[in-house]
Amino acid sequence: MLAGDLVRLSFEALKAHKLRTFLTVFGIIIGVTSVIAIVSIVVGMNVKVTGLINQMGSSTFVVSKMGVEEHSSYEAWRKARKRKDFKMRDLNALRESCDHCKEVGGRTMTFRPVKYASEKIRSVPIVGATANLLRITDFEIGQGRGHNNFEDDHFVQVTILGASVADELFKNLDPIGKTVRIGSHKYEVIGIAEPRGSILGEDLDNFVIIPITTLLKNFGSHRSINILVKAQSEETIEEAVGQTRAIMRARRNVSFSEEDNFAITTSDDWLELYESVTGTIQIVAIAIPLIALVVAGIVVMNIMMVSVTERTREIGIRKSLGAMKRHIMLQFLTETMIMSLFGGAVGIGLGILAAKLLSDAGDLPFVISEVAILGGVFISTGIGLFFGVYPAYKGASLDPVDAMRFE
């Protein structure tokens, strides 16, 4: 039997049983669509989160009361809360003593309402930062400027608005030079941060930055600060971390035999935490549509078994006219492969569309995983081969005399 005749006969058989064909193809479409959409969303989220973490810079680390490990359990967090706070004097001491540190800055945060004219936003994150924040991290100003050392040293009340805060307060007005009220204090707007978007509905542009000295003066100096350190280079970050650890242990009177009563966190530490927290979730998220594909494969096999039963007389007649076992087997396999490949192709297209819609809804990068597409092709093909072999073999093995007697 020629390949063209085999394909033609397979299409005619599928066309004769439209509902059965549709149900088989539909199951494969759902499975492949789910795999591609979920894998693409997972990859997009990884790209987004990795980019946000890397904004800290590969040569930058943070010194704070609590780090990654202290967020791993409630007991560790509760114990770390009792540690001694970091103050501006610790920042200044590190700045003066650390030879391997290119930049030393600080950051702390509180929450206050922000108001302009009749517009008001409740409970906005107010970030107090040193003037060298832009040099330490990859934070960018989209419009205007950041505050300078003079404004830091003299408690000047100036502010940089996050993009969404600026949009909500000023609508179509230019915010630069205007005065906003943060809590009970007035601040001049000197800059607007470069928009960063959102992730899973969490607005990354909902914040306000003011000089750290101004925040401590206006909202309380009792709070602990995080010290941001940029090493001389990416290659010397270990030396900078080691020197910083030695200086802070001495300042906090930590003896040789005691563990650090503070944390030093790099961008790699945050990436490891993200991977450990989301690793299992990602595996489960991808496994669910794969299970759906296995179920679709079982449906394919069952429907093909029904097809073999219904076409028993046809098989008997064809075998009595000279059709060989391999011809019968190839026809059933071809029918299965056609449905699987068609379902896989449609599933890939719908998966890409679903990934695009979900990425836009979650403000994630639209990333099409080549692995997911290739996986969709191989999975749909594999379903056709794996779950189509038994029904094809069953049909091809029928005795022609018994098959023609079948009612």
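Start by selecting the buried residues of helix α9: Ile 237, Ala 240, Val 241, Gln 243, Thr 244, Ile 247, Met 248 and Arg 249. The model on screen is predicted.

**Stop 1: around α9**

Look at the spacing of your selection. An α-helix has 3.6 residues a turn, so residues three or four places apart point the same way. Now show what lies over these side chains. The cover of the buried residues of α9 includes strand β1 (60-64), helix α4, strand β2 (101-116), strand β11 (226-231) and strand β12 (263-266).

Next, check the helix from end to end. Its 15 residues, at 1.5 Å a residue, should span 21 Å. The end C-alpha atoms of α9 are 21 Å apart, so the model agrees with that expectation. Then move on to Asn 253, which follows α9. Phi of Asn 253 is positive, near 55°.

**Stop 2: α4 against α9**

Select residues 88-97 for α4 and residues 237-251 for α9. How do the two helices cross? Their axes come within 10 Å, at an angle of roughly 135°. Angles over 145 degrees would count as roughly antiparallel. The pair α4 and α9 is therefore oblique. The crossing of α4 and α9 is right-handed.

Now show the side chains where they meet. From α4, pick Arg 89, Asp 90, Ala 93, Leu 94 and Ser 97. From α9, pick Gln 243, Thr 244, Ile 247, Met 248 and Arg 251. Colour this contact between α4 and α9 by class: 4 residues are nonpolar, 3 are polar and 3 are charged. Gln 243, Thr 244, Ile 247 and Met 248 were in your opening selection too, among the buried residues of α9.

**Stop 3: helix α8**

Go to residues 212-219, helix α8. How many of its 8 residues are buried? The count is 7, and α8 is mostly covered. Select them: Ile 212, Thr 213, Thr 214, Leu 215, Leu 216, Asn 218 and Phe 219. Step just past the end of α8 to Gly 220. Gly 220 has a positive phi of about 110°.

**Stop 4: Ser 40 in α2**

Select Ser 40, in helix α2 (residues 18-54). Is Ser 40 buried or exposed? Its relative accessibility is 1%, and the cut-off for buried is under 20%. Ser 40 therefore counts as buried. Show its neighbours, leaving aside residues up to four places away in sequence. Ser 40 touches Ala 355, Val 367, Ile 368 and Ser 369.

**Stop 5**

Most residues other than glycine have a negative phi.

Begin with Ala 117, in the loop between β2 and β3 (119-129). Phi of Ala 117 is near 55°. Ala 117 is exposed, with a relative accessible area of 59%.

Then select Phe 155, in the loop between α6 (149-153) and β5 (158-161). Phi of Phe 155 is also positive, near 55°. With 39% relative accessibility, Phe 155 counts as partly exposed.

**Last stop: the whole chain**

Zoom out and clear the selection. The chain has 14 helices and 12 strands. Of its 407 residues, 46% count as buried.

Note on methods. Residues numbered from 1 in each chain as written. Predicted model: local features only at pLDDT ≥ 70, side-chain atom pairs only at ≥ 80, totals over all residues. Heavy atoms only, no water. Axes fitted to C-alpha atoms, helices over the stretch in contact; angles between N-to-C directions. Helix = DSSP H or I, 4+ residues; strand = E, 2+ residues; numbered from the N terminus. Parallel < 35°, antiparallel > 145°, perpendicular 65-115°, else oblique. Left-handed = near helix turned anticlockwise from the far one by under 90°. Contact = heavy atoms within 4.5 Å. Nonpolar A, V, L, I, M, F, W, Y, C, P; charged D, E, K, R; others polar. Expected span 1.5 Å × (residues − 1). Buried < 20%, exposed > 50% of the residue type's maximum accessible area, 1.4 Å probe, protein only.
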